[in-house]
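Here is a short briefing on one protein model. Look over the sequence and the structure first, then read the points below.

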Amino acid sequence: MPEPADTVPPPEPPRPGPDGCARERAALDRAAPDPDAHDPAAHDPAAHDPADRDRDAVLQAVSSAVLAVTRHLSVREVLQVIVRSARRLLDARYAALGVPDDDGAFAEFVAEGISDEQWKAIGPTPRQHGMLGALLREGRPVRLPDIRKDPRYGWWPKAHPVLKDFLGVPITDGDTVLGIIFLSNKRTPGGFDEADEDLLTLFAAHAAIALTNARLYERGRELTVIEERTRMARELHDAVSQKLFSLRLTARAAAALARTEPERAAEAIERVERMAGEALTELRAVIVELRPPELDRYGLVESLREQVALLDRLHPATVVFAAEGEPPGDLPPEVEVAVLRVAQEALHNAVRHAGAGRIGVRLTRAATTLALEVTDDGAGFDSDDMNGTAARGLGLPSMGDRAQAVGGRLSVSSTPGRGTTVRLEVPA
């Protein structure tokens, strides 16, 4: 959250002594079950040890962050899961997480508790100054009853919510600070206490693992894409491009022979037709190799169901899926890919841009048509301007291209303030 830096840095507080690790061990002890302990809740459901509640909260929050990584989400989505989990874990009104860059700003900065309208009014992403800069420099937790009274505090923009009690913890990998996570305005009276600090420190250690794994996954995915593009370019050059080059030469020869030697020209035209068919077959084979692996493992219906279930778990909106009619198990591979990609793009738009409370995905199989509908109750836009900036930003032209490429049709119905429906129809 934005803070300016023009403050005099205070004297460096004493670093934690040898008992610093003991506090983290205490948090681990609270978060872990004692197999020899008597559990009163086994006989009295109303009796619950606070340590059990802490343990369950930590395990739930950590599980959400780990799930985000294992489901192969982007780094930013993992950050959002971490922030949301931490906020719920410690019952704070506001939570944020910043990942610093090398230019004095933040490469990523996500927050919970602030609306999109407030963010627009607040202005640009904060710089590495004030309390945020102190957390990055010092690399240790900061807990304050009122951040405004700390000498490291600067000021906030006019639209910024007022923060009072504050708890910030660095997310570290060895001596490297990967980011900072901080909470403010605890809903429970009294502000954050030492147990809260221990709990957030423990959670930050797991968040570091989740963040590191997400980065590694994204880097691995980038390398995989580069390798795949190189392989595809080689395949296209070795097979299709050479076939098309031969086809072009044969067509030229047929044109040259058309007036003087019509029989030979006819033979050349037959070769052109045969070679064009072979090139088309090889090109389709290359395209099929781009097929998402989940389609082979689960099929179209289950792939969509898994995608919807994942988004429903990770986002505030309710996301539901329904399939009607016979399962579309005999679709051409390129049609299945088109349907899945259009669904993913439409879901991405509804989750990221529409601010929807409910999103529905419906797949309907009729006699000769498969229809996909993705409907949300979000902000909507002017669907009459399908070539405008909003349409391009939502990827609608590319979805239309995918539909056209497989002989389908895409329609979009949207009204500002009344949600959006994306409908794809393809031959079945």
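E302 is partly exposed, at 32% relative accessibility. The model is predicted.

**Salt bridges**

- The model holds 14 salt bridges.
- Side chains of opposite charge can pair when their charged atoms come close.
- R423 pairs with E425, with 2.8 Å between the closest N and O atoms.
- R423 has 27% relative accessibility and counts as partly exposed.
- E425 is partly exposed at 23%.
- The R423 and E425 pair belongs to a network of salt bridges that also links E373 and R409.

- D91 lies in the loop between helix 3 (75–90) and strand 1 (92–100).
- A salt bridge joins D91 to R187, and their closest N and O atoms are 3.8 Å apart.
- R187 lies in the loop between strand 5 and helix 6 (194–257), so the pair ties together parts that are 96 residues apart in sequence.
- D91 is partly exposed, with a relative accessible area of 34%.
- R187 is partly exposed too, at 48% relative accessibility.
- The phi of D91 is near 55°, a positive value in a residue other than glycine.
- Most residues other than glycine have a negative phi.

- N185 is in strand 5 (residues 176–186).
- Is N185 buried or exposed? N185 is buried, with a relative accessible area of 15%.
- I147 is in the loop between strand 3 (142–144) and strand 4 (166–173).
- I147 is buried, at 0% relative accessibility.
- I147 and S184 are 37 residues apart in sequence, with their C-alpha atoms 9.0 Å apart in space.

**Nonpolar cores**

- The largest nonpolar core has 38 residues.
- Which of its members touch the most others? They are L300, V339, L347, I359, L363 and L372.
- At least two residues of this core come from each of helix 8 (293–314), strand 6 (318–324), helix 9 (333–352), strand 7 (358–365), strand 8 (369–376), helix 11 (396–405) and strand 10 (420–427).
- Helix 9 gives the largest share, eleven residues.
- Another core, of 29 residues, lies apart from the largest one. Its members include V78, A92, L178 and L199.
- In soluble globular proteins, nonpolar side chains tend to be buried together.

**Surface charge**

- Where do E263, E267, E270 and E273 gather? They form a patch of negative charge on the surface.
- E263 is in helix 7 (residues 262–288).
- E263 has a relative accessible area of 67%, so it counts as exposed.

Key: Residues numbered from 1 in each chain as written. Predicted model: local features only at pLDDT ≥ 70, side-chain atom pairs only at ≥ 80, totals over all residues. Heavy atoms only, no water. Patch = residues over 30% accessible without salt bridge, like charges linked within 9 Å, V, L, I, M, F, W, Y side chains within 5 Å. Areas by Shrake-Rupley, 256 points an atom, 1.4 Å probe, with all protein chains shown as cover. Salt bridge = Lys/Arg side-chain N within 4 Å of Asp/Glu carboxyl O. Lys, Arg positive; Asp, Glu negative; His and termini not counted. Charge placed at Lys NZ, Arg CZ, Asp CG, Glu CD. Helix = DSSP H or I, 4+ residues; strand = E, 2+ residues; numbered from the N terminus. Buried < 20%, exposed > 50% of the residue type's maximum accessible area, 1.4 Å probe, protein only. Core = buried A, V, L, I, M, F, W, Y, C linked by side-chain atoms within 4.5 Å.
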